[in-house]
Amino acid sequence: MEKKYENTALCPLRGMTLMNITQACGGTYIGSSGQKEKEITGAVTDSRQVKEGYLFIPIKGARVDGHDFIPQVFSQGALAVLSEYELKQPAGPYILVDSTEEAMKMIAAFYRSQLSCKVVGITGSVGKTSTKEMIASVLSQHYRVLKTEGNFNNEIGLPLTIFKIRAQHEVAVLEMGISDFGEMHRLAAMSQPDIGVITNIGLCHLENLGTRDGILKAKTEMFDHLQPGGTVILNGDDDKLCTKSVVNGKAAIFYGIDQNSSFDIRKSIYASDVKNLGLEGMQAEIHTPSGSFTARIPIPGEHNVYNALAGTAVGLALGLSLEEIRNGIAVAKTIAGRTNLLHVNGMTIIDDCYNANPVSMRTSLDVLAHIPGRRIAVLGDMGELGTDERALHHGVGDAVAQSGIDALFCVGVLAEEYADAAAANPACDIYYFKTREEMLPQLLDYVKEGDYILVKASHFMEFPAVVEALKKLS
C-alpha cells in the first residue's frame, strides 16, 4: 500500500539564507543587515503564489514584467526579492542581479547541493512524463517522493520544482525537457542527479538538433553533472543509447523487452510474455537480477512496459523490494493529455493531445488498433521536425493505413500528408481540414456512441479544445 504523509508546516529552506542566496547568484544584497541570515521558506516567479517568508523572482516576459509586482509581494509577506533594477524605497530587502532568470538557476543549483534526498533525472525524446509518473508511483511505495508537476521541466520550471523540495522528501523525480544543445547541461547542473534515466532517442526537435546523433549528444549532456558514482539507466532497445554502455567509468544499466539484444549490451532488467490487454493495459513478466515477477500495468500501450521496466530499474537502484515495485506499477496513473482515458457520452476518448512526434504517434495508433469497436484517429500537425517534416508526416499516414482503424480526421498544414498516405487503406474514412475550427462540426456529427477516439497533435495545435468539444457533445 502506498504510504501517506501529512503535509508539514511551512518551514525554512535549508541553508537558504539571504546571504547565501546572494553569494550563490553573484548578486548584491541591499537591505537590513539583520535579515541577511534569515532563511526563505520558498521561491516562486508567480506573484500570486507568494507566501510568508518567500523569495520572489520576477521574470521579464513578452507581455508582463514581474518586477511590476514587487510592491505587491512584500505586502503578501515576501522576505525578499530579486531585481534587475535598483529599487526605490522597497518594503523589504532585495538582491540586485544582472539577470533574474540566470540567478534563479544558480540559486537552484546551490539549494540542490544542500539537499540530502536522492534525485532521479529523466529525459528522452518520447515518454518522459509517463516514465516519470511510473517511477514516482514505484518509489512512493517506500519513500516520500516529490515529482515534477505539469510541464515544469525546462529552464524556468525545473528550478521552481527544485525549490519545492522540503526536508520530508526522500526522493525527487525530476523530468528534464530540451530542444537545443546546452540546455540539458544547464538543467543537469541544477538537478545534479544521483540516477539518470534516458527513455529513448527519437525524432524530436530535429529543427535544432539536426539528427538522432545530435539528439543523443544533447540528451547525454546530463552525464556531465551526475553525482559522483551516479547510476545511469538506459533503454537497451534503442540503438543510439546502446552506444553508452559505460558512463563516467561506471557500467550503465539497460532495460528492454526480451533478454536478447540486437546490440552489444546486456539487458539486466527485461520483460517477457508481454500481453496487450487493450484499454485494460498491459501484462508482462519482468526479470531482474533479484528475481522475477508478473507486472500488471494499468495503462494501455507497449510503451508502458518500457516505463514499468524503467521504474523497476530505479526501484532496485534505490533498494525497493520486488513486491514494492510490483505494487507501484499496479497503481500507476496517467495524467491529462497523456493516454488519458475519458468515458463520456457513451464514447471513449483517448486524450493524448499534450504533444506529438513520429514515434509517439505510432505508439498511440498501436493502442487504438488493439481496441475492438469503431476506431477514429483525430490527428494534427507535429512540430519541430526540420527539413524532413513532410516525409515524417507521410510516415505517420502510412502507420494509419497499416493500423486498420476505421476513420481519420486530420488537421493542419502538414496533416495533408497523413491523408495522402492513409488512403492506401480504402476501408478507412479520411477527412482532411486546414483548421481545427473547420474540422470540429464534421467530427462531432460523425462520432457516435460506442466509438473509440484518439486525439493527438503537437501542443501548438491546441487539441485540448477537441477533447473539450467531444466531452460537451450530447
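Strands are DSSP runs of E with at least two residues, helices are runs of H or I with at least four, and both are numbered from the N terminus. Keep in mind that this is a predicted model, in which local features need pLDDT of at least 70, side-chain atom pairs count only at pLDDT 80 or more, and totals for chains, interfaces and linings use all residues. Residues are numbered from 1 along each chain as its sequence is written, and side-chain values use heavy atoms, leaving out hydrogens and water.

Now for the neighbour of E17. Strands of a sheet pair through backbone hydrogen bonds, either parallel or antiparallel. E17 pairs with strand E18 (residues 347–351) in the antiparallel sense over five bridges; to count as a pair, two strands need at least two DSSP bridges between them. Asparagine 340 sits opposite aspartate 351 in E18. The two strands form a hairpin with two residues between them, and asparagine 345 in the turn has a positive phi of about 50°.

Zoom out, and you'll find an open sheet of six strands in the order E17-E18-E22-E19-E20-E21, with mixed pairing. E17 and strand E21 (429–433) stand at the edges, each with a single partner strand, so one side of each has no neighbour in the sheet. Elsewhere in this sheet, strand E19 (residues 375–380) runs parallel to strand E20 (residues 407–411), joined by five bridges. Leucine 379 stands opposite cysteine 410 in E20. Helix H14 (residues 436–446) packs on the sheet and touches E19, E20 and E21; contact means heavy atoms within 4.5 Å.

What about helices meeting helices? The axes of helix H4 (residues 128–139) and helix H9 (residues 303–317) come within 8 Å and cross at roughly 45°. Axes are lines fitted to C-alpha atoms, for helices over the stretch in contact, and angles run from 0 to 180 degrees between N-to-C directions. On the H4 side, the contact includes Ser130 and Met134, and on the H9 side, Asn304 and Val314 are among the residues they meet.
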